[in-house]
Amino acid sequence: MKAGVSGVSALQWAVYLIKATTDAAMYPTNVKRSAFQAYTAQPAMVVEAATAGSGSPVTVGAGAGKMAVHSYRLSTVVPGSVTGEAVDYELADADLLHKLHYLRAVHVFRAGDAEVTVRELKEPMFPWLDMYFPVSGRLRRRQAVADGEGEAAVVAGRPYVRCNDCGVRIVEATCDTTVEEWLEQEAEQGGMSKALAYDKVIGPELFFSPLLYVQVTSFQCGGMALGFTWAHLIGDIPSAAACFSTWAQLFSGKKPPAPTLRDPLTMPPPPATPATATAPPLVKPTAAPVGDHWAVPTTRDMVPFSFHVTEQQLKSLQLGRHVGTFELVAALTWHALAAIRGPDEEEAMCTVTVVKTTNHHAPATGGDGRRLGLTNEHLIGHVVATGSPAAANVATLAALLAKVSLDGVGAVAAAALAASGAEDADVVVYGTNLTFVDAEGIDVYGGLELGARRPAHVEYAVDGVGDGGAAVVHRDAGGRGRTVAAVVRRGEADRARAALRDALRVL
């Protein structure tokens, strides 16, 4: 798919760069970026978007701990070579099930011996995006295609990715504090990572919306943060983490193996049709169609919330060999939020959704035996407490979570689409019920090291969450404690932190 020839005029390349911010339908076919170098004196490493601007400052923290992130400057990086003409990447039902949701991954680095520039960070992105070319594409809606020889019918309106090399958006920003001050506030208040990842959803014009934003925030001390805002429809947390890790390896001078991607010209096979057309309790349709503005409509103001559970605290709370750390931490959070929301929401709080990001027993989906590089293959289930979760003890809730029955996300998507009767349903997965995501199996710290620089703090969270809230549980820097990155209702964060500190006996 990636090939190149020379002999492109300067006028053609001017059109190419203009189209790189909109639609690449008229790109010169099969042209290497090296051809562009012949017409400019600029190095090959950086292709800037036409505009650079500043957004409104974002303030996080409270009281004396408030910290502002400001001076936003936007640019675009595209793949190192042109993908081709009219290359479309079809989305599976499991992908479309998550179209209203986003993943946020923030990595905070202390200052090193030598400053890392944005230019240096961009340099390995060109071969990186060659490997993950669908991430540089833009969404379109399918026109109706009738059955033909060797071709399945496609319902009009179904979204897909046009692999037009429009690129990923790079956001440069500044934070008026040091990394150490930021870490202190994060430990004290939590929820500080939200401002370090660009807050933008897809739409209302699909063809202008990047699928990935990379925010580079500079701190006063010379440290920096890398914040990724990833459209969930192109992959789950393991897919996103592997993608970011590939870029970090390229930055560090390594040669990671290319990911195995679905054939972009082939429609993914549908999962088995469910026996019934009843929507599972794991998902809920939106009250009204969202159109092309892919944001979860909520009736409450949802805010970030995070906290840390140390290894020692986990050891003191272990409940037996049949209950893991994920179940323990999720049960503590479930119990605390149920008490906060009170008897008026007791029935709603009895049901929680569980998402498992790893399934070691599932067959590999890649042709070479490896997991597909861009895919939604996690497992989803739900548990129901028979009494008030606020009145139950944590051990009971943890045991209930440990016995959750899980289904493949493809089967859940098939049931949701069958119930909606549409090819492209608007549904909420995270936050339909209080949702817990098990990401313990992912090395979030070691997976993104910049040379010898290891992150001082990492947080993976879900954005675009319904009123029920959601929490991702993953390993901390030492690997034995746990970080919980959640989205809860405004007014709940401080009360939940106090309740959890009391339960964990944190002074």
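This report walks through the confidence, sheets, helices and cores of a predicted model.

**Confidence**

The protein chain has an average pLDDT of 83, and 79% of its residues score at least 70. Over residues 3-54 the pLDDT stays under 50, and the model has 98 contacts beyond four places in sequence for them. Residues 359-369 also stay under 50, with 10 such contacts. Where pLDDT is low, the predicted coordinates should not be read in detail.

**The seven-stranded sheet**

An open sheet of 7 strands runs in the order β11-β19-β18-β16-β12-β13-β14, and its pairing is mixed. At the edges stand β11 and β14 (406-408), each of which pairs on one side only. On average, neighbouring strands here are turned by 20° against each other, direction ignored.

Although β11 is an edge strand, β11 (residues 302-309) is mostly covered, with 6 of its 8 residues buried. Its partner is β19 (residues 482-489), which it meets in the antiparallel sense over 8 bridges. Within this pairing, His 308 stands opposite Thr 483 in β19. Helix α13 (residues 493-504) lies across both β11 and β19, and runs at about 15° to β11. Elsewhere in the sheet, β12 (residues 351-356) and β13 (residues 379-384) run antiparallel and are joined by 6 bridges; there, Val 352 has Val 383 of β13 as its bridge partner.

**The three-stranded sheet**

A further open sheet has 3 strands, ordered β3-β6-β5, with antiparallel pairing. Both β3 (88-90) and β5 (138-141) are edge strands with a single partner strand, so one side of each has no neighbour in the sheet. Neighbouring strands of this sheet are turned by 40° against each other on average, direction ignored.

| Strand pair | Bridges | Facing residues |
|---|---|---|
| β11 and β19 | 8 bridges | His 308 and Thr 483 |
| β12 and β13 | 6 bridges | Val 352 and Val 383 |
| β3 and β6 | 3 bridges | Tyr 89 and Val 161 |

**Helix α6**

Which residues of helix α6 (residues 179-189) are buried? They are Val 179, Trp 182, Leu 183, Gln 185 and Glu 186. Viewed down the axis of α6, these buried residues fall within an arc of 165°, so they line one face of the helix. Glu 184 and Ala 187, on the other side of α6, are exposed. The buried residues pack against β2 (67-77), β4 (102-109), β8 (212-219), β9 (224-231), β11 and β17 (457-463). Just after the helix, Gly 190 takes a positive phi of about 75°.

**Nonpolar cores and a buried aspartate**

The largest nonpolar core holds 83 residues, of which Trp 128, Trp 230, Phe 244 and Trp 247 touch the most other members. Helix α7 (residues 237-251) supplies the largest share of this core, 8 residues. Not counting residues up to four places away in sequence, Trp 128 touches Leu 212, Cys 243, Phe 244, Thr 246, Trp 247 and Leu 250. Apart from this core lies another, of 40 residues, including Leu 332, Val 404, Val 473 and Ala 493.

Finally, consider Asp 95, found in helix α3 (residues 93-96). Is Asp 95 buried or exposed? Its relative accessible area is 3%, and therefore Asp 95 counts as buried, the cut-off being under 20%. Leaving aside neighbours within four places in sequence, Asp 95 is in contact with Leu 233, Arg 262, Thr 375 and Asn 376.

How values were computed
Residues are numbered from 1 along each chain as its sequence is written. This is a predicted model: local features need pLDDT of at least 70, side-chain atom pairs count only at pLDDT 80 or more; totals for chains, interfaces and linings use all residues. Side-chain values use heavy atoms; hydrogens and water are left out. Buried means under 20% relative accessible area, exposed over 50%, partly exposed in between (1.4 Å probe, protein chains only). Helices (H or I, at least four residues) and strands (E, at least two) are DSSP runs, numbered from the N terminus. Two strands pair if DSSP finds at least two bridges between them. The arc is that of the directions from the helix axis to the C-beta atoms. Contact means heavy atoms within 4.5 Å. A nonpolar core is a set of buried Ala, Val, Leu, Ile, Met, Phe, Trp, Tyr and Cys residues joined through side-chain atoms within 4.5 Å. Axes are lines fitted to C-alpha atoms, for helices over the stretch in contact, and angles run from 0 to 180 degrees between N-to-C directions. pLDDT is the predictor's confidence in each residue, from 0 to 100.
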